[in-house]
Amino acid sequence: MMISLPTHKAGWNRAAVILLVALTALWGFTSVVEGKGINSKAGTTGFSFLKLGVGAKAIAMGGAFSAVADDPTAIYYNPAGTINLSGKQFLAGYHNYVLDMQSGFVAGTLPLMDKHRLGFFVDYLNYGNFTETEADGQPTGNDFSGGDFLIGVNFSTHLLPELSAGVNAKFMSEYAAGYSAEAMAVDLGLLYKFKDGRTSAALSVNNLGVVLSGFSGGDHKDDLPLSFRTGVAHSLRELPLVVALEGVLPNDNDPYLNVGLEMSALQPLYLRLGYSTFGQNYKTNSNSDALGGLSFGFGVDYQKYQISYAFMPYLDLGSSHRVTILGGF
């Protein structure tokens, strides 16, 4: 007991330092964002479903997942992360979004020639039904719907023992009231695993591509929501805690910061908590503004599967609920 106490205390001290650095960076970043008005490029890109994020675990951790990348949703955040997954894995997720919108994400990865990994994924969003109106606002008596659909393939490999690289190729389509738009894009990612086995760093670019056709059917085509991510994740040696920090630079908004925690002390139960400064975009000076950007959730191991849940409040717009199931095949 006398020998283990300093190590245990050192673990808590290290955790406190990591959390303090993350929270200080988050506070400073939030202060800068709050001092700005609405970004002039906000709302100028199409295919907005690409910005929603996927996976209950990743969302519960504030979206800070590019360096964690330990389940098939790594495909979305950092395509290089799939190389570190074991065996054949699949993940299926359901998202109950605001305003009766619903989405889903399905992904699977498997070894390829022992040195690489291959993955497939599908993402969709359904807008629900809307009442059709004339230009003056009078109902026509008809309803219409809309949605988004994406299908893609992932490839990842090791460039060095500690460094992996990955790429996604994907085709996407969105439609509404008989109109549609199509696009093709790639995602690129790097993931570095430090020799301590507990720390990783990531860099990725998402939605680098071209819009094939726009809703108008003419020359106008909305740009894709391009974004750059860089992140770091650390698993504490003395404590069952993973800390993740990630910065995101989008082409249609201000840069923002994500921070996430996962505690595994209660296995088979995992507790997750996150915060994203992107939540500033949902604030309307209402009493619920303090919750903007927060997220939390949990995961439970059951036999060969893990079931996860995540909750994220969108303040006056409503709340988001996600459920995913992870397993092998």
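This is a predicted model: local features need pLDDT of at least 70, side-chain atom pairs count only at pLDDT 80 or more; totals for chains, interfaces and linings use all residues.

Biologist: Why is Y124 called partly exposed?

Modeller: Buried means under 20% relative accessible area, exposed over 50%, and partly exposed in between (1.4 Å probe, protein chains only). Y124 has 36% relative accessibility, so Y124 counts as partly exposed.

Biologist: Which residues make the nonpolar surface patch?

Modeller: Y94, Y124, F149, I151, F171, M184, V210 and L212 make a patch of about 710 Å². Patch residues have over 30% relative accessible area and no salt bridge; nonpolar side chains (Val, Leu, Ile, Met, Phe, Trp, Tyr) are joined within 5 Å, like charges within 9 Å. Strand 4 (139-158) and strand 7 (199-213) each supply at least two of the patch residues.

Biologist: What makes K51 and D252 a salt bridge?

Modeller: The rule asks for a side-chain nitrogen of Lys or Arg within 4 Å of a carboxyl oxygen of Asp or Glu. For K51 and D252 the N to O distance is 2.8 Å, and their side chains meet in a salt bridge. K51 lies in the loop between helix 1 and helix 2, and D252 in the loop between strand 9 (241-250) and strand 10 (256-266), so the pair ties together parts that are 201 residues apart in sequence.

Biologist: Is D252 buried or exposed?

Modeller: D252 has 3% relative accessibility, so D252 counts as buried. K51, with 43%, is partly exposed.

Biologist: Which residues are linked in a network of salt bridges?

Modeller: K57, D70, E262 and R272 are. K57 pairs with D70, their closest N and O atoms being 2.7 Å apart, and the side chains of E262 and K57 meet at 3.6 Å, N to O. E262 lies in strand 10 and K57 in helix 2, so this pair ties together parts 205 residues apart in sequence.

Biologist: Why is K57 called buried?

Modeller: K57 has a relative accessible area of 8%, so K57 is buried. D70, at 36%, counts as partly exposed.

How values were computed
Residues are numbered from 1 along each chain as its sequence is written. Side-chain values use heavy atoms; hydrogens and water are left out. Accessible areas come from the Shrake-Rupley method with a 1.4 Å probe; for residues, only the protein chains shown count as cover. Helices (H or I, at least four residues) and strands (E, at least two) are DSSP runs, numbered from the N terminus.
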